[in-house]
Amino acid sequence: MGPLKQPPPVRRIVADDEPTVVEPPKRRNGTAQAVKDAASGLLSAPRRHTARKGKVKERMRTEELAIAYGGKPAVKGVDLPVNQGEVLAMIGPSGCGKTTMLRSLNRLVDQTPTATRRGTIYLDDEDVDLLDVTELRRKVGMVFQQPNPFPMSVFDNVAYGLRERGSRRPSRAALRPAVEEALERAGLLEEVKDNLTHPALRLSGGQQQRLCIARSLAVNSEVLLLDEPCSALDPHSTSLIEELIMSLREEIAIVIVTHNLQQAYRVADKVAFMYLGDLVEYGEADQVFGAPKAKRTRDYVRGGFG
Amino acid sequence: MSTHASEGRRIATLRRRRFQPPRLPRPQLPRRERDLLKPEEMVAWSPLDRLGVAAAWFCGLLLIAISASIVIYMLVRGLQYLSITALFQHPVVLSTTQITGTAGGYLDPMEGTLILTTLGTLIALPIGVGIAVWLSEYGRPSWLARAVESGVEIVAGTPTIVLAIFGLLVFTQGVFGFLSFRAAGGAVFGRSFFIAGIMMSLIALPLIVGATREALQSIPAHVREASYALGKDKISTIRRVLLPASRKGIATGTTLGMGRIAGDTAIVVLLLGATPLQPLGNTPVLSTLRGTGSTLTSYVYNNSPAGEGNAPQKAYAAAFVLLMLVILMNFVVDLFSRKRSDTWAR
């Protein structure tokens, strides 16, 4: 029996060895200089744009929106406008209600059995509770943290939302222009036009995520909710998505939840900082990052917590 | 001059020292050889550990030996008696209710196995997938879901002879008379492909439910939400996204179930009659399904030294055919589960 003679090698742990210690960088707490130092790194990040071109128009608005999961409040009475023509970034530590806010805008929060909601959400001055939920979700599209194309071809993924719309199933040929337009708008057409019939799950992660955006665009979404869309992607795919966000910003209202402050600064026109279910600060990106009014915002933006 | 120069050097050194961070001892990087114990440092394995490892090896090898001997023995015996002509010959019937005798082939039992497996699977597949979808996607009220779950577990754990005797009890009732022969006095015979197929579907059902449910539950929640976010309801999400995504699991469960049906004897003996194909009525397909028949398993049983036929060479050949059939099905399952599948990050 060969294996019995030679026991497997054992790792020796030497107790008195010098451990490798990485010292945390020293912080000068509380001084204005520290804020400036930390923010200067942030503010030196390249903006994807300089100024808004189109007209800014309010599309969605929440009033006194409060959401609780099984009695535990997640969002505590938030008033937040969502404008077309600019990108709204929602920042804040984990578990502070950003994603819950986002999911309430297309009433996806209704899927959670324990969730209760108070307050009103308006889409073009209409209460979303009075809208048909299918209609609402087509107007307010959503992209998730993990790319999640459906297990079908690239074409069928984009056509998915268009099908079963009327009583009759539209044919492939009839859907083709709409599918190609959506892929074009999502900047994916060039890469996939020769293999529209390939399974979507074989695309790269970044392509999958853009496909998910195309899927929303195909049903003519007017508001696009992005829940940390780049957290599972490499830097190149991230920058492609950020550019895509910039190109879409004129035609649709975009809300992006992100933990990456650099990203928020790069793409956002307006920034909402949420902390423990409260909307602590809402304003122009330059103001929130450069000269935050609230102390908690200042601490968070500086990297003090979260 | 020289002192001046050395003084300057000294100051320079001091200055450099002052502005340099304190020099920490360099951490020693672990090296592979250093981390490994030398042979003389190694602790010998205890006798019990040696015994355990030896036992594990022995058990594994024993299992290989057993399965290899089954296949080889059946291969030798089966090929010895297997003749191609017998595959396509009807068995010779000596009595009206039993296949007996040494003459004839086993065409009828082979057809019987195929018919029964198909029928049982066709009944079990939609019901099994339906139960799995309900359990995984709806499952409310929860007490009902728990009850359904334990129901499936009980069916899975019931010996097939018990299922068979229960089936006989149920299907000899007058209301089910249309499914099988009737004796002259009006008593229901309670044996036919329909009846055996219904009870056989119960064997395949738990396997299909289990595999489908597992496949559905492995689909991340955000995939369902992505479909809802496009304005789809639950039904079309299940139909267009969830079921296609769990195709592999459904196929695996179904093939496993087919293997179990093909290999079962008790239900065939009690509920199929173990006769040659004896159609009832004149409608082409329906007559066969309402009539009695036999499968390879009951044929092997009847022709084995324990059965009435006592023609072991026939039994060996039929058993070989059955074994090949089941091994083939397991191979198909392997193909399904080995195929690379595209899935989502979790």
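**A walk through the helices**

Leu256(B) sits in helix H11 of chain B, and the model we're looking at is a predicted one.

Visitor: How do H11(B) and H15(B) run relative to each other?
Guide: Helix H11 (residues 247–263) of chain B packs on helix H15 (residues 312–338) of chain B with the axes 9 Å apart and an angle of about 170°. Anything over 145 degrees falls in one class, and therefore the pair is roughly antiparallel.

Visitor: How do the residues of the contact of H11(B) with H15(B) divide by class?
Guide: On the H11(B) side you'll find, among them, Ala251(B), Leu256(B) and Met258(B). H15(B) brings residues including Leu322(B), Val333(B) and Phe336(B). The tally is 11 nonpolar, six polar and one charged.

Visitor: Over in chain A, are H8(A) and H9(A) roughly parallel or antiparallel?
Guide: Helix H8 (residues 205–218) of chain A and helix H9 (residues 235–248) of chain A have axes 9 Å apart and pack at an angle of about 20°. Their crossing is right-handed. The cut-off is under 35 degrees, so H8(A) and H9(A) are roughly parallel.

Visitor: Why are the buried residues of H10(B) on the same side?
Guide: Those buried in helix H10 (residues 234–245) of chain B are Thr237(B), Ile238(B), Val241(B), Leu242(B) and Ala245(B). They share a side because the arc they cover around the axis is only 130°. An α-helix has 3.6 residues a turn, so residues three or four places apart point the same way.

Visitor: Which helices do the buried residues of H10(B) pack against?
Guide: Chain B has 15 helices and two strands, and 36% of its 346 residues count as buried. For the buried residues of H10(B), the partners are helix H5 (107–138), helix H8 (193–217) and helix H9 (221–228) of chain B.

Note on methods. Residues are numbered from 1 along each chain as its sequence is written. Chains are lettered from A and ligands numbered from 1 in the order in which they are written. This is a predicted model: local features need pLDDT of at least 70, side-chain atom pairs count only at pLDDT 80 or more; totals for chains, interfaces and linings use all residues. A residue is buried if 20 or more other C-beta atoms lie within 10 Å of its own, exposed if 12 or fewer, and partly exposed in between; C-beta atoms are placed from the backbone. Helices (H or I, at least four residues) and strands (E, at least two) are DSSP runs, numbered from the N terminus. The arc is that of the directions from the helix axis to the C-beta atoms. Two residues are in contact if their C-beta atoms, placed from the backbone, lie within 7 Å. Axes are lines fitted to C-alpha atoms, for helices over the stretch in contact, and angles run from 0 to 180 degrees between N-to-C directions. Angles under 35 degrees count as roughly parallel, over 145 as roughly antiparallel, 65 to 115 as roughly perpendicular and the rest as oblique. A crossing is left-handed if the near helix is turned anticlockwise from the far one by less than a right angle, and right-handed if clockwise. Ala, Val, Leu, Ile, Met, Phe, Trp, Tyr, Cys and Pro count as nonpolar, Asp, Glu, Lys and Arg as charged, and the others, Gly among them, as polar.
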